Amino acid sequence: MYRRLRKEVEKSSGDAIRLVQDLVRIPSPSLHEKRLAGKVAGVMRELRYDLVFTDDLGNIIGVIVGSNSDSALMMSSHMDTVDARRPECWNRSPFSGDIVHGRIQGVGAADSKGGLA
């Protein structure tokens, strides 16, 4: 299973990078994640998750039904980020999603949105 998962990750790395950039471009400070949640749910639907829904707290839950009932894999992430209160202190927009020296720039790129993608 690990080899298969790794192969799929490597095959889709370009898509994952573009997704991280898209997520970074959506501001999502705490208690204001609704727009990002909509994007995440939409991506799950595009990827043909078997079930996608939002709970009462605004969490997005996506389910892919596997073929082996004896095992399960759960991935979890938060969607909120710090608030970019002083964008003038940044060298570029805190929501740019630009790649600089091989790293995606912007609020949440390393904390939450990279892992979420």
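A residue is called buried when its relative accessible area is under 20%, exposed when that area is over 50%, and partly exposed in between, with a 1.4 Å probe and protein chains only. At 10% relative accessibility, Thr-81 therefore counts as buried. The structure is a predicted model, in which local features need pLDDT of at least 70, side-chain atom pairs count only at pLDDT 80 or more, and totals for chains, interfaces and linings use all residues. Residues are numbered from 1 along each chain as its sequence is written, and side-chain values use heavy atoms, with hydrogens and water left out.

**Nonpolar core**

- The largest nonpolar core has twelve residues: Leu-19, Leu-23, Ile-26, Leu-36, Ala-37, Val-40, Ala-41, Val-43, Met-44, Val-52, Ile-60 and Met-79. Such a core is a set of buried Ala, Val, Leu, Ile, Met, Phe, Trp, Tyr and Cys residues joined through side-chain atoms within 4.5 Å.
- Two or more residues of this core come from each of helix H2 (13-24) and helix H3 (34-46); helices (H or I, at least four residues) and strands (E, at least two) are DSSP runs, numbered from the N terminus.
- Helix H3 gives the most to the core, with six residues.
- Ala-37 is in contact with Gly-58, Ile-60 and Met-79, when residues up to four places away in sequence are not counted. Contact here means heavy atoms within 4.5 Å.

**Loop between strands E2 and E3**

- Thr-81 lies in the loop between E2 and E3.
- Leaving aside residues up to four places away in sequence, Thr-81 touches Ser-28, Pro-29, Ser-30, Val-107, Gly-108, Asp-111, Ser-112 and Lys-113.
- Ala-84 belongs to the loop between E2 and E3, and it is buried because its relative accessible area is 16%.
- The contacts of Ala-84 are Pro-94, Phe-95 and Val-107, again not counting residues up to four places away in sequence.
- Ala-84 and Ser-28 are 56 residues apart along the chain, and their C-alpha atoms are separated by 9.7 Å.
- Leu-73 is placed in the loop between strand E2 (60-63) and strand E3 (99-100); because its relative accessibility is 56%, Leu-73 counts as exposed.

**Surface patch**

- Leu-5, Val-9, Leu-73 and Met-75 make a nonpolar surface patch of about 440 Å².
- Patches are made of residues with over 30% relative accessible area and no salt bridge, with like charges joined within 9 Å and nonpolar side chains (Val, Leu, Ile, Met, Phe, Trp, Tyr) within 5 Å. Accessible areas come from the Shrake-Rupley method with a 1.4 Å probe, and for residues only the protein chains shown count as cover.

**Salt bridges**

- Side chains of opposite charge can pair when their charged atoms come close.
- Six salt bridges are present in the structure, each defined by a side-chain nitrogen of Lys or Arg within 4 Å of a carboxyl oxygen of Asp or Glu.
- Arg-18 pairs with Asp-15, and their closest N and O atoms are 2.6 Å apart. Both residues lie in helix H2, three residues apart, about one turn of the helix. Arg-18 counts as partly exposed because its relative accessibility is 46%.
- Arg-86 forms a salt bridge with Glu-88, with the closest N and O atoms 3.5 Å apart; Arg-86 and Glu-88 are both exposed.
- Arg-25 and Asp-22 meet through their side chains in a salt bridge of 3.7 Å, N to O. Arg-25 is partly exposed at 38% relative accessibility, and Asp-22 is partly exposed with a relative accessible area of 32%.
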